[in-house]
Amino acid sequence: MSHERDPERWQNISDARANEVRNAKGHSHTASHGHSHGTADGHSHGHGHDHDHDHGHAHHDHPGGLRGALREIFVPHSHDAADSVDDALESSAVGIRAVKISLAVLGLTAVLQVLIVVASGSVALAADTIHNFSDALTAVPLWIAFALGRRAATRRYTYGFGRAEDLAGLFVVGMITLSAIIAGYEAVRRLIEPVQIQHLSWVAAAGLIGFLGNETVALYRIRVGRRIGSAALVADGLHARTDGFTSLAVLIGAGGVALGFPLADPIVGLLITIAILAVLRTAARDVFRRLMDGVEPALVSTAEQALVAEPGVLGVRSLRMRWIGHRLHADVELDVAPTITLADAHRLAHGAEHTLTHAVPKLDTALVHAYPAHVVNSFGN
């Protein structure tokens, strides 16, 4: 969107940095802001801030019972706002800690499976254990991405390095796809060429350990991913869940064989493949939405309502929001009275930005422009 400007009417407002502490409503507010320029007719430009803040937000209700439980497994979508982490550096640290802890849990799970492999001598179990080890390493790219995201922006990467997190999410989606292909191939192969399962008790024990370890990690990663707004960490949690499904298939298949139904193993394998595909759909959707700068419409509505309610704001001309890693950024154009002074427009933009960053969780930066209501934009609106 472009606007005609008279260069002689513009004046530079010096950069300023200030720390603000806001105790009202039980939240702290630390701001670092830079103002670019404004006009004497109330046309204020480039009023942007970085905020570190804590919020309290309403809890979302979800369907209960079996339907709710299944939806939570295959389509985890929730804002546990009471536990949300809105500080940029803190959220990256929380993400790195989650990756470290989950790697330790998966490592312990794999070690226990190795002990069972040694005791049983099962080649099949050895292959599955190696697979679990390799899948656990998918957390490494995410660890690197969180570390990169903490680096300051540069003149080349002016928005910082948050996008590295989305690239790591793509890698995780690829690994979930590979898991679905392997699971489906093995299930079909065993239907065509049945394989007799040996050491049923050992196989069942390995399946149980694998399921418990992976599902524990899945729940932990998904919960932390929601708290910090990381689609990539949630996707990695879903990846751990697919590995847990594979181990569960081993456990159920061994039980079916023990009961005299040898085809239970490949049939359960096919069902697990379908479950993995459902998880893949959710993970791919969330990661690709981030890559395409998609945000939840509810966040946009919340932002619009907060801005319209701000004193002096006549309307919201445009509002754009995007995720950069696990942080949100907003660009806003507001309509204000054409008679207000530059100083008043400046204060109004500051107040609107302040309100916005406290109304929208995980909003890290906002750039607010205030335009006289009579000015028509280049699209004729």
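The protein chain has 10 helices and six strands, where helices (H or I, at least four residues) and strands (E, at least two) are DSSP runs, numbered from the N terminus. What you're looking at is a predicted model, in which local features need pLDDT of at least 70 and side-chain atom pairs count only at pLDDT 80 or more, while totals for chains, interfaces and linings use all residues. Residues are numbered from 1 along each chain as its sequence is written, and side-chain values use heavy atoms, with hydrogens and water left out.

The score to watch is pLDDT, the predictor's confidence in each residue, from 0 to 100. The protein chain averages 75 on it, and 72% of the residues score at least 70. Over residues 1-62 pLDDT stays under 50, and the model has 162 contacts for them beyond four places in sequence; a contact means heavy atoms within 4.5 Å. Residues 78-83 also have a pLDDT below 50, with 11 contacts in the model beyond near neighbours in sequence. Where pLDDT is low, the predicted coordinates should not be read in detail.

Now for the chain as a whole. Of its 381 residues, 47% count as buried, meaning under 20% relative accessible area, with exposed being over 50% and partly exposed in between (1.4 Å probe, protein chains only). Take the contacts in the chain with a separation of 6 or more: 75% of them come from residues 24 or more positions apart.

Next, head for the largest nonpolar core, which has 23 residues. Such a core is a set of buried Ala, Val, Leu, Ile, Met, Phe, Trp, Tyr and Cys residues joined through side-chain atoms within 4.5 Å. Met321, Val332, Leu334, Leu356 and Val360 have the most contacts inside it. At least two core residues each come from helix 9 (297-308), strand 4 (313-324), strand 5 (327-336), helix 10 (342-359) and strand 6 (363-372).

Beyond four places in sequence, Met321 touches Asp293, Val295, Leu299, Val300, Ala303, Leu328, His329, Ala330 and Val360. Ala303 lies in helix 9 and counts as buried, because its relative accessibility is 0%. With neighbours within four places set aside, its contacts are Leu319, Met321, Leu356 and Val360. Ala303 and Leu356 are 53 residues apart along the chain, yet their C-alpha atoms are separated by 6.1 Å.

For some ring-spotting, go to Tyr157 and Phe161. Their ring centres are 5.0 Å apart and their planes are at 45 degrees, so the pair is tilted. The rule is that rings of Phe, Tyr and Trp (its six-membered ring) pair if their centres lie within 6.5 Å, with planes under 30 degrees apart counted as stacked, over 60 as edge-to-face and the rest as tilted. Tyr157 is partly exposed at 44% relative accessible area, whereas Phe161 is buried at 14%.

One last stop is Ser92, in helix 2 (residues 88-120). Ser92 is buried, with a relative accessible area of 4%. Leaving out residues up to four places away in sequence, Ser92 touches Phe146, Arg150 and His326.
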